Amino acid sequence: MVELINQGVYLLEGNQITTQANGLPSPDEAREQTITYGILRAHDVDGGKGKSMRIRFDAMMSHDITYVGIIQTARASGLEKFPMPYAMTNCHNSLCAVGGTINEDDHVFGLSAAKKYGGIYVPANQAVIHQYAREAMVKCGNMILGSDSHTRYGSLGNMGVGEGGGELVKQLLENTWDINAPEVVLVWLEGKPRKGIGPHDVAISLVKAVFDNGFVKNKVLEFAGPGVKELPIDFRNGIDIMTTETTCLSSIWVTDDEVKRHYETHCRPEDFRELKPGKVAYYDSMIRIDLSKQESMIALPFHPSNAYTIHEFNANPVEILQKVEADAKAKFGDKVEVHLLDKVIDGKVMADQGIIAGCSGGTYDNLSAAAAILKGKSVGNDYFTISAYPQSVPVYMASTRNGIAEELLEAGVVIKPAFCGPCFGAGDVPSNNGLSIRHTTRNFPNREGSKPGQHQLSLVALMDARSIAATAANGGFITAATDIDYEDNHKPYEFDSKIYQCRVYNGFGRAKEEQALRYGPNIKDWPRMYAMEDNMLLELAAVIHDPVTTTDELIPSGETSSYRSNPLKLSEFALSRRVPEYVGISKRIQAQDLERREGKCPQHVLDALAKVGASANNTSFGSCVFANRPGDGSAREQAASCQKVLGGDANICYEYATKRYRSNCINWGILPFTIAKDTSFDYEPGDFVFVPNIREAILSGREEADAKVITKNGVADIHLFFNNLTADEREILAEGCLMNYYKAKRNK
């Protein structure tokens, strides 16, 4: 049901697709007629039609894993007040049981920052970050930047971009988000979904079709076509939020009367406007999705793209689960024993847990459909359990008033507050070897909270809320919602803003300079970071040859998030679930670099430099991570900042999985090196990479350099690339990090 068309297409009058360019404007000219370029150009401070863009956003979003670090960085860089609406939600650490007063200390800090700088503060359990944006922040034609990778509001006519905290700091200081003018992919929707099909089914199919081949990487998805009108708003939102897993840059949809009703329902009719392509719009490629052919889907560990139809899975569970077991063995070796085949009982697969939660799962329509499926039934009193997390208090209130919560509770579903925990391993962690089926965003390794290093592993499969409910009604045996009969007669969603009026602090435009920031003992400033020296000597502290290394592997989520406001403590978790020895190695390298700076350079460093004829006086010494393709997943800047706190100076890879991770590296002064795809990297931890004249190369605008790899067997050549760096990014790298860059600018 998903067809990829890898060539440019023209969309005429919004309804006719052609590949013939005869008599039509050039691709560059017609690309300006897309919705995407209409919005991007309106936010480009240069106001031109160039090949690069410098974007200023209309609003920003952060949650309580990220906003403390962002504000601390911005404060150190000269922040005086928030120049735009900036909402700080508390949806990630509101239920954490680890860390004493840490969580609430951060929440109090966030409220004090909202008062001091003029921000919006959403208290714990009121809403998950993206639902609050949908209900209160989005506007058609606007752009929102969020410090969460799932910042996607295109289905409501608002382009959303997820980036690391450094990019939000730049916006707070009234600088720009700099990108090359992106390619645009037309996602053409046709047909109408059958009963039982939900947004996660479509989203999983889309991710399966485009992730491995990079079809949409760093491009913008623009949704149009006759199928759009067949999808309610929650359905559109559910697809849109998952476009992050395709590795696209952002997304936008045509807007219609359904979107207009969303704004009217949320008491903001003035924020709606019609968005549609111009008369002749050009797209660099196209994806055609026939909604009428969509099947109920399941995405097995360890990625949303590892997907099958539920019917395919149930027809051949042993062979498919054997592949997952083999994959787990390859990833974790002897650290864990995986027994997924134990889930196959009389040819059917039994799940241990069902979760409907977060920005993708906890929607009103999903809860309504689940309740309709489970009405008058029981989830049973055996091992299978199921929980639901409405994504905001307004959604919870509507579910209560319209009988949805009652029907779920009667069936045995546990309803919990608005909270993102199940999405990143801080809530409802399954038992060891448990199989959890979830309508959440990701099923990466350890994402559900297990700890392979401690011989604990559970596994997550993604499914739509409808099929999760059908599974629950079938005693935990995985079941497609299209195979059961049900009627959803609940009332449509009605938004009640009272709770936000009572609890949300909205101080935008009313900064109180005299307000003191309230600190808890765990909230610490960033340690000193050094400017780049003439040459760079790197010691490999981790070498990872997995096809993809996720952000959750670079810095685990879950319990580590309790230390997100303390850079030194948080850095202790860097790569802890993938390369446990990394922290110790990096600390040793960092200590030896400090000795070098004091004139006491360790002998083995001097020996390495002697092999390439270099001096320790103008050569930095830092750690380096090699990975094939690092940075898929979360936007959390800690994936890079923790490396920097430990003395990390560079990453080397074949390519970066996402722009946001590469940006995080740059903003924390970590050189984002790449090597050619045909370059063999068979080096080991403890080997050195020497990069001569790197500071001059960075500041002069060069994009590549010859370097040397120093091993116990001798010296070898390696060619490094550092392409596509802006002038500002080059200065940030030379200064050592974003904070140093702003400090240097203030001191000029």
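Modeller: In this predicted model, strand 2 (residues 9-12) and strand 14 (residues 280-283) are paired in the antiparallel sense, with four bridges between them. Within that pairing, leucine 11 has alanine 281 of strand 14 as its bridge partner, and tyrosine 10 has tyrosine 282. Strand 2 also runs antiparallel to strand 3, to which three bridges join it. Here tyrosine 10 has threonine 18 of strand 3 as its bridge partner, while leucine 12 stands opposite glutamine 16. Tyrosine 10 therefore has a bridge partner in strand 14 and another in strand 3, given that strands pair where DSSP finds at least two bridges between them.

The three strands make up an open sheet in the order 3-2-14, with antiparallel pairing. Strand 3 (16-18) and strand 14 are the edge strands, each having a single partner strand, so one side of each lacks a neighbour in the sheet. From one strand to the next, the twist averages 25°.

The side chains of strand 2 point in two directions: Val9 and Leu11 one way, Tyr10 and Leu12 the other, and all are buried. Strand 14 is likewise covered on both faces, with Val280 and Tyr282 buried on one side and Ala281 and Tyr283 buried on the other. The hairpin of strand 2 and strand 3 has three residues between the strands, and glutamate 13 in this hairpin takes a positive phi near 55°.

That backbone value leads to others of its kind. Most residues other than glycine have a negative phi, and most peptide bonds are trans. Glutamate 174 has a positive phi near 60° and lies in the loop between helix 6 (165-172) and strand 10 (177-180). With a relative accessibility of 51%, glutamate 174 counts as exposed. Asparagine 693, in the loop between strand 32 (688-691) and helix 25 (694-700), has a positive phi near 55°. Its relative accessible area is 45%, so asparagine 693 is partly exposed. A cis peptide bond, with omega about 10°, joins proline 301 and phenylalanine 302; phenylalanine 302 belongs to the loop between strand 16 (297-299) and strand 17 (307-309).

Another loop residue, serine 458, lies between strand 23 (435-439) and strand 24 (459-462). Serine 458 counts as buried because its relative accessibility is 1%, where the cut-off is under 20%. Neighbours within four places in sequence aside, serine 458 is in contact with Pro430, Ser431, Asn433, Gly434, Glu448 and Ser450.

Among the helices, helix 4 (residues 102-117) may be described in some detail. Helix 4 has 16 residues and spans 22 Å from its first C-alpha to its last, close to the 22 Å expected at 1.5 Å a residue. Twelve of its 16 residues are buried, so that helix 4 is mostly covered. The buried residues include Ile102, Phe109, Ala113 and Tyr117. Their cover includes helix 3 (67-76), strand 6 (86-89), strand 7 (120-122) and strand 25 (505-506). Just after helix 4, glycine 118 takes a positive phi of about 85°. The charged end of lysine 115 sits over the ring of tyrosine 505, 6.0 Å from its centre.

Ring-to-ring pairs complete the account. The model contains 19 aromatic pairs, counted where ring centres lie within 6.5 Å. One of them is a tilted pair formed by tyrosine 263 and phenylalanine 272, 6.4 Å centre to centre and with 50° between the planes; both residues are buried. The rings of tryptophan 526 and tryptophan 668 have centres 4.4 Å apart and planes at 50°, so this pair is tilted. The pair links distant parts of the chain, 142 residues apart: tryptophan 526 lies in the loop between strand 25 and strand 26 (535-544), and tryptophan 668 in the loop between helix 24 (659-667) and strand 31 (671-674). Elsewhere, Phe626, Tyr654, Phe681 and Tyr683 form one aromatic cluster.

Technical notes: Residues numbered from 1 in each chain as written. Predicted model: local features only at pLDDT ≥ 70, side-chain atom pairs only at ≥ 80, totals over all residues. Heavy atoms only, no water. Expected span 1.5 Å × (residues − 1). Buried < 20%, exposed > 50% of the residue type's maximum accessible area, 1.4 Å probe, protein only. Contact = heavy atoms within 4.5 Å. Phe/Tyr/Trp six-rings, centres within 6.5 Å; stacked < 30°, edge-to-face > 60°. Lys NZ or Arg CZ within 6 Å of the ring centre and 35° of its normal. Axes fitted to C-alpha atoms, helices over the stretch in contact; angles between N-to-C directions.
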